[in-house]
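Hi everyone, thanks for coming.

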Amino acid sequence: MPKIVDQDERKKHVAKATIRIIARSGFESLTMRKVANEAGISYGSVFHYFDTKDAVLLEAARYVINLQIESIQSESKSARTGSPLSKLKGLLLRDAVVDKSTYDGTAVWTAFVVAAVHNESFAQEHEKISSRWIATLEALLQKAIDAGEISNKINVRDEATTLWVLCAGFNQRGLIKPKNLKPGRQVKLINTYLEKLAHV
């Protein structure tokens with residue numbers, strides 16, 4: 001009797017293998033053969049799930065984002081207490097700070113963003129993800145205003161967009177020049193920025 005393969009699990013398995021390759025050697029080095037070898041499956045099996053290496057990258061990027069979203073949703077359910085500002089800070093630190101635990105995912109996300117410059121379907125996916133994150137930041141900023149934790153003079157939409165861009169900058173610097181922007185300094189800069197919002 002043939003073995004039944006869970007297609008979603010197999011795609012996740014390939015996505016994780018792709019993440020390891022990109023984190024080690026960059027997207028340029030990614031080939032379908034390397035993905036197959038890293039995942040421990042046959043070369044033909046990779047093509048059963050993905051047509052191109054762009055499709056593999058998209059799956060890896062979605063996997064990284066979904067893990068982050070699941071983590072945030074899980075934390076929100078378990079941490080019913082906590083101020084809106086502390087939740088906002090936690091989200092930013094999880095999204096922006098590049099350290100050993102976040103390096104691989106950040107490397108894949110950055111490769112995806114670069115590919116989106118010349119790939120319209122990637123650009124559309126990036127827009128969906130960005131819009132979802134900015135909306136989440138807006139909601140937390142508004143709750144922090146309502147709780148009196150930050151100034152009601154800020155423009156919530158503008159600040160949410162600024163925070164999203166700030167996180168993207170930390171991601172890039174943390175990957176390219178980690179010694180110049182160590183995790184502790186990233187945390188300090190995020191805290192300083194949020195403190196300024198209280199006194200606008």
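Let's begin with helix α1, where the buried residues are Val14, Ala15, Ala17, Thr18, Ile19, Ile21, Ile22 and Ala23. When I say buried, I mean under 20% relative accessible area; exposed is over 50%, and partly exposed lies in between, using a 1.4 Å probe and protein chains only. Helices here are DSSP runs of H or I with at least four residues, strands are runs of E with at least two, and both are numbered from the N terminus.

A quick word on where this comes from. It is a predicted model, so local features need pLDDT of at least 70 and side-chain atom pairs count only at pLDDT 80 or more, while totals for chains, interfaces and linings use all residues. Residues are numbered from 1 along each chain as its sequence is written, and side-chain values use heavy atoms, with hydrogens and water left out.

Back to α1. This helix has 19 residues and reaches 27 Å from its first C-alpha to its last, close to the 27 Å expected at 1.5 Å a residue. The expected span is 1.5 Å times one less than the number of residues in the helix. Not every residue here is hidden: aspartate 8 is found in α1, and with a relative accessible area of 55% aspartate 8 is exposed. Aspartate 8 and tyrosine 49 are 41 residues apart in sequence, and their C-alpha atoms are 9.6 Å apart in space.

What follows α1? Glycine 26 does, with a positive phi near 90°. Glycine 26 lies in the loop between α1 and α2, and its relative accessible area of 17% makes glycine 26 buried. From glycine 26 to glutamate 38 is 12 residues in sequence and 14 Å in space, C-alpha to C-alpha.

Serine 29 is in the loop between α1 and α2 as well. Is serine 29 buried or exposed? At 17% relative accessible area, serine 29 is buried. The side chain of serine 29 reaches the backbone oxygen of serine 25 at 3.5 Å. Leaving aside residues up to four places away in sequence, serine 29 touches Ile21 and Lys34; a contact means heavy atoms within 4.5 Å.

Let me zoom out for a moment. The protein has nine helices and zero strands. The C-alpha trace spans about 65 × 40 × 30 Å along its principal axes. Of the 200 residues, 40% count as buried. Among contacts with a separation of 6 or more, 66% are between residues 24 or more positions apart.

Now, the pocket. How much space lies in the largest pocket? About 610 Å³. A pocket, worked out on a 1 Å grid over the protein atoms alone, is an open set of points where a 1.4 Å probe fits, with protein on both sides within 12 Å along at least five of seven lines; lining residues have an atom within 4 Å of a point. Of the 28 residues that line the largest pocket, the closest to its centre are Val64, Gln68, Gly105, Thr106 and Trp109. The lining divides into 13 nonpolar, 10 polar and five charged residues.

Which helix supplies the largest share of the lining? That is α6, with seven residues. Helix α6 has 14 residues and reaches 20 Å from first C-alpha to last, close to the 20 Å expected at 1.5 Å a residue. Its buried residues include Trp109 and Phe112.

Beyond residues up to four places away in sequence, threonine 106 touches Val98, Asn171 and Leu175.

Last stop: asparagine 119, in the loop between α6 and α7. With a relative accessible area of 16%, asparagine 119 is buried. Its side chain makes a polar contact of 3.4 Å with the side chain of aspartate 54, and another of 2.8 Å with that of serine 121. A polar contact is a pair of N or O atoms within 3.5 Å; within protein, one must be able to donate a hydrogen and the other to accept it, and residues adjacent in sequence count only if both atoms are side-chain atoms.

How values were computed. Grid points are joined across faces, edges and corners, and a volume is the space filled by probe spheres set on the points. Ala, Val, Leu, Ile, Met, Phe, Trp, Tyr, Cys and Pro count as nonpolar, Asp, Glu, Lys and Arg as charged, and the others, Gly among them, as polar.
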